[in-house]
Amino acid sequence: MTKRTGEILKLLDEQYGTEYVCYLNYETPWQLLIATMLSAQCTDARVNIVTAELFRKYDTLEKFADADLAELERDIRPTGFYHTKARNIIACTKALVYEYHGEVPKDLEALTSLAGVGRKTANVIRGNIYHEPSVVVDTHVKRISGRLGLTKEEDPVKIEFDLMKKLPKDHWILWNIHIITFGRTICTARSPKCGQCFLTKYCREYKKK
C-alpha cells in the first residue's frame with residue numbers, strides 16, 4: 001500500500017469509523033442474496049421497502065423456489081428489471097434448495113454459478129455473511145475509485161482486481177461501506193459537493209478544476 005492510499009484510508013476511517021455496515025435489511029444469508037440481486041439498478045432504500053413485505057410473504061427458500069413467475073414479478077416490480085430478476089430469483093433459489101441443501105455457498109465460483117449472481121453480488125455475500133475479505137464494486141466504488149486515482153479501469157472486474165492490489169485486505173469490505181456513504185453524501189455522480197470534501201487533495205477531478 002502506498003503512503004497516499006494509506007492517507008485516504010485513514011481519513012475515511014476517521015470520518016466513518018471501521019464498523020461493518022450493510023445497507024440492505026436481511027435476517028438470513030439467502031435473504032441478503034435475494035436483496036442484493038434486487039438492488040441491481042435500484043436503490044437500497046427501495047429494495048428495503050420491497051423486501052419488508054416480500055420476506056413476509058416468501059418466508060422460506062422453498063416458497064421462492066416454487067413461486068409463480070408472474071406473481072413474483074408483480075411483487076418485485078418497484079425494483080425495476082423485474083422480469084429478469086424474478087426469473088433469476090426462482091432459478092437461483094431452486095439451485096439453493098435442490099443442489100446446496102438450503103445453504104448459500106461460500107465459494108466464489110459456486111456463488112457465481114447461480115442464476116443472476118455476478119462477482120459483485122457474490123462478494124457482498126462473502127464479505128457480509130462469511131467475513132471473507134472481498135472487494136465489492138458498485139456504482140459508487142467505480143466512480144470514486146477512479147476519481148481518487150486508485151484505478152483507471154472502467155470494467156468492474158478489472159477495478160476489483162486493481163483495488164485488491166492497492167488496498168490492504170482489512171479494508172476490502174470497508175472500502176465499499178465507506179465509499180457508499182461518501183458517494184451518497186459528498187462525492188455524488190452529478191454535482192459533487194467538493195466544498196465539503198475531505199479528500200480533495202487526492203482527487204483527480206478536483207485537480208482539473
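**Reading helices, cores and pockets in this model**

Colleague: What covers the buried residues of H9?

Modeller: The cover includes helix H10 (156-166), helix H11 (172-185) and helix H12 (204-208). Cover is read from contacts, meaning heavy atoms within 4.5 Å. A helix here is a DSSP run of H or I, at least four residues long, and numbering goes from the N terminus. Keep in mind that this is a predicted model, where local features need pLDDT of at least 70, side-chain atom pairs count only at pLDDT 80 or more, and totals for chains, interfaces and linings use all residues. Residues are numbered from 1 along each chain as its sequence is written, and side-chain values use heavy atoms, with hydrogens and water left out.

Colleague: How many of the residues of helix H9 are buried?

Modeller: Buried means under 20% relative accessible area, exposed over 50%, and partly exposed in between, with a 1.4 Å probe and protein chains only. Seven of the nine residues of H9 (residues 139-147) are buried, so this helix is largely enclosed by the rest of the structure. They are His-140, Val-141, Arg-143, Ile-144, Ser-145, Gly-146 and Arg-147.

Colleague: Which residue caps the N-terminal end of H9?

Modeller: Look for a polar contact, a pair of N or O atoms within 3.5 Å; within protein, one must be able to donate a hydrogen and the other to accept it, and sequence-adjacent residues count only if both atoms are side-chain atoms. Asp-138 does the capping, with a side-chain oxygen 3.1 Å from the backbone nitrogen of His-140. Just after H9, Gly-149 takes a positive phi of about 80°.

Colleague: And Asn-48, is that residue buried or exposed?

Modeller: Asn-48 is buried, because its relative accessible area is 14%. This residue belongs to helix H3 (residues 44-57), and a polar atom of the Asn-48 side chain lies 2.8 Å from the backbone nitrogen of Asn-25. Beyond neighbours within four places in sequence, Asn-48 contacts Tyr-23, Leu-24 and Asn-25.

Colleague: Now cores. How many residues has the largest nonpolar core?

Modeller: In soluble globular proteins, nonpolar side chains tend to be buried together. A nonpolar core is a set of buried Ala, Val, Leu, Ile, Met, Phe, Trp, Tyr and Cys residues joined through side-chain atoms within 4.5 Å. The largest here has 36 residues, and Leu-33, Leu-54, Phe-64 and Leu-72 have the most contacts inside it. H6 gives the largest share of this core, eight residues. Apart from this core lies another, of 21 residues, including Trp-175 and Leu-199.

Colleague: What volume has the largest pocket?

Modeller: On a 1 Å grid over the protein atoms alone, a pocket is an open set of points where a 1.4 Å probe fits, with protein on both sides within 12 Å along at least five of seven lines; lining residues have an atom within 4 Å of a point. Points join across faces, edges and corners, and the volume is the space filled by probe spheres set on them. The largest pocket comes to about 920 Å³. Its lining has 41 residues, with Ser-39, Ala-40, Lys-120, Asp-138 and Thr-139 nearest the centre. H8 gives the most to this lining, seven residues.

Colleague: What volume has the second largest pocket?

Modeller: About 150 Å³. Of its 15 lining residues, Arg-147, Cys-187, Pro-192, Cys-194 and Cys-203 are closest to the centre. H9 and H12 each supply at least two residues of that lining.
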